[in-house]
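I opened this entry to record what I looked up in the structure. The notes follow in the order of the look-ups.

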Amino acid sequence: MKQLDFMKARGIAMALSLILVLGSIGSIATQGLNLGLDFTGGTLLEVQYDQPVALQGVTDVLEGAGYRDVTVQNFGSETDVLVRMSEAFRDDLGLEVLEVLRQQLPEDNQIRLERSEFVGSQVGEELRDEGGLALLMALAVVMIYVAVRFQFKFSVGAVAALFHDVVIVVGLFSLFQWEFDLNVLAALLAVIGYSLNDTIVVSDRIRENFRIVRRGGAIDVINESLNNTLGRTLMTSLTTALVLFALMIFGGEMIHGFAVALMIGVLVGTYSSIYVAANILLLMNISREDLMPPELEEEVDDRP
Amino acid sequence: MLNKYPLWKNLLIALVLVISALYAAPNLYPPDPAIQVTPARAGAEMSEATLGSIRQTLTDAGLEFFGEEVNDGTALFRLQRTADQLPAKAAVQRALGDEFVVALNLAPTTPDWLLSLGAGPMTLGLDLSGGVHFLMEVDMDEYMANKVANYRQELRTRLRQEDIRYRRIQVDGDYLRLSFEDAATRDEADNFFIREYPEFARVSEDSAEFFDLKLRMTEEQVKTYQDYAVKQNLTTIRNRVNELGVAEPLVQRQGRNRIVVQLPGVQDTAEAKKILGKAANLEFRLEAKPGASRFATEEYPFRNDEFRTARLEKIVITTGDSVTNARSAFDENGMPQVNIDLDAKGGARMTQVTREAVQRRMAVLFVERKPKTTYEMVDGEEVTKTVQITEKSIISLATIQTTLGSSFRITGLQAAEASELALLLRSGALAAPMYFVEERTVGPSLGKENIEMGVQSVLVGLALVLVAMLVFYRAFGLMANIALLVNIVMLVALMSIVGATLTLPGIAGIVLTVGMAVDANVLIFARIREELKNGRSPQQAIHEGYNRAFVTILDANLTTLLVAVILFAAGTGPVKGFAVTLSFGILTSMFTAIVLTRAMVNLVYGGRRLESLSIGGRV
């Protein structure tokens, strides 16, 4: 197979990454995230109708009955309706809402309560903090691990790639105002795992090639390494994308957000392991000397 | 010889495969629909007569059942059809009355020989089985405020007994401020506290008028108290959950001050919350004076002797809410007694009432809420009505010897009586107030749907991956595919062995594992192709391919595992479920992708002269 000159396009790639990351941060800063019930607190009810109903009608009836901040949306199918409101939960709220909704229905359209969720605002806040903390912790641990296992410059590259991926996924969720709930957070952490996997495989090859390939500069070595791992990178992304595709189509509404977030993450992660991590290495002037096994170290360690 | 595994290695792999298959097997047996019958009163026996009447009822109703079991006083009847479950429950409940709790259950059908190996199916999370999830928070602020107030009461008495004169004791935030006339008295008090109350950190502080001593509970003591409060509440909630007659409830502490309650199969949240959150189920009352007006008194039976009754005043001194602790112990003479602690409010009430009532008797009333089912004929149709009725019975009636405070004791009991009384007192009491901070209900049909969708996406995803691998890597792809299937079996086995709960995000984790598990094989195969291209012989290429890819795979998987562990540690709910399957998946996939495929490759290709390998690509 002919060698592809990945690094030729690194200027364009860097510009693209910068635009995507800045755009994402801009979107998050200006319109924020459409946080799910897990993080905002409030009440959620999922009801199942026998026949489709007009969502506007449902909203009007509920607001007419005095509930505040009501959002109504279809969930998976036309007959499945999700109602969210900021109302604090009471024992009989579910039945109460069901009764209100039932009154506007014709005889032949029955309604059932499928699911009800209530999250206190305190808990929501904590989940938000915990989630953010978990993300930061994951990044920190990864950075340390890579620094120990590889070299400091690699760990900067790996973490930059992870940051890049996470920000872009969150940015897209912000841009399209998709609901960001606990499942999406889990997906985000899985993106870290996946993208890291990719980046490590590439870094591993770069390290190996720096040690065995004696000709050419850093750009050549990185190019060769990327070519070496290209087949594997594409194949793994393909298989992962295939299962996520299955999850998106067949997994149902409750994990749709999860599948979407992970799908974006896999695509961005594949790109970032080629361009972001390698670019950072070049920016930091990675050289053969950085990766030569430190032969004298043992002697130094043995001193009392 | 190159690419031959020694016999012991092959045997070891075979052994792992057999064990995995064994422990994954229970998940293949679909559970039977069943009804579970438990006596309403804890500790009661399931008699042969009762079992007979259940059998008779089911037969009369034309419901086929089999495999009845009795375990720890709980009877389980399996039914042939799921549709029979509800009618069976209704019929049995009606026949047995309110002495028994009848609940729906799914009985595992794991064969005995598997059970004897300790194998069992995975448990399903609420999102898959349907049910209610509550998160309750213990109100620590109020609990600690109560504790401090209790100490204030106690210190007053103790200082008086010790003849240490103080001006006043104030509660100031989370500490107590004691004021004394002179420094000498304060030092005396200080010494007393060092000896008797090591749980306090003491700071002296002088104001213009007084010599003050600030007492604050040590961090350690605060932690001990809070720990006790949560544990006590956990016990109480467990007892209350048992009253609900749910098949497999989960009551667990979460974090510092929260309790998770999961009730599979329960749909009526209002009822469940009423029982979980019910406040007073103990009442302390004085015995009525002889000749007291009938309007001011009520007569109640004794709990352990229905024929004995006592007449009590209607006024309630305090309720089980105020009981912060109760334990059975022995007094100086070795006689059994029960020590009871009340909170500040209850203690003050107790002092106020008992001061005037020395030598009268005080009763502890046990209040139970029980469902009562009645059957009415309405328009020729039978309608089942369940109402909650309250039953009160006396568990202790003892003479008041002296004015009682926030901690007192009940004596004159048998040892067994004492421990039972302590248990009842405790079971009725929440050490600290609690409120609901999270609540989720999943309908049973939604749960079923979630399972179907989850299984479907696993199957479709799996099929797509299998095809892709076969197309790209031919014979090697086939071996990777076998390894992938084994991987799923091992993952299921591992989850079943450690008793992990399968949730919807957990299924997503399995799906993701499937996608990523082939990564290791892709890495190896890509490496083998490369080696072939560099002109190595097929045998050498296999050897080198596995060796060189190993380091990469290890690095990549270890880092992902690290992330998964962080997920598990920092996450809650869905995040945790996902982290569990992901980390197990990483572990099992390392075995199947590296060791198992190598064994297969060795069996097929090892130890003979080869011209080419069926590994796809342009080689």
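**A buried asparagine**

I looked up N557(B) and found it buried, with a relative accessible area of 12%; buried means under 20%, exposed over 50% and partly exposed in between, with a 1.4 Å probe and protein chains only. N557(B) lies in helix α14 of chain B, residues 538-570 (helices are DSSP runs of H or I, at least four residues, numbered from the N terminus). Leaving aside neighbours within four places in sequence, I noted contacts of N557(B) with I586(B) and M590(B), contact meaning heavy atoms within 4.5 Å.

I note that this is a predicted model, where local features need pLDDT of at least 70 and side-chain atom pairs pLDDT 80 or more, while totals for chains, interfaces and linings use all residues. Residues are numbered from 1 along each chain as its sequence is written, chains are lettered from A and ligands numbered from 1 in the order written, and side-chain values use heavy atoms, without hydrogens and water.

**Cores**

I then looked up the largest nonpolar core, which has 154 residues; F476(B), F525(B) and I528(B) touch the most other members. A nonpolar core is a set of buried Ala, Val, Leu, Ile, Met, Phe, Trp, Tyr and Cys residues joined through side-chain atoms within 4.5 Å. Helix α12 of chain B (residues 444-498) gives the most to this core, 18 residues. Beyond four places in sequence, the contacts of F476(B) include F525(B), I528(B), V601(B) and Y605(B). A second, separate core of 42 residues includes V132(B) and L178(B).

Notes
Helices (H or I, at least four residues) and strands (E, at least two) are DSSP runs, numbered from the N terminus.
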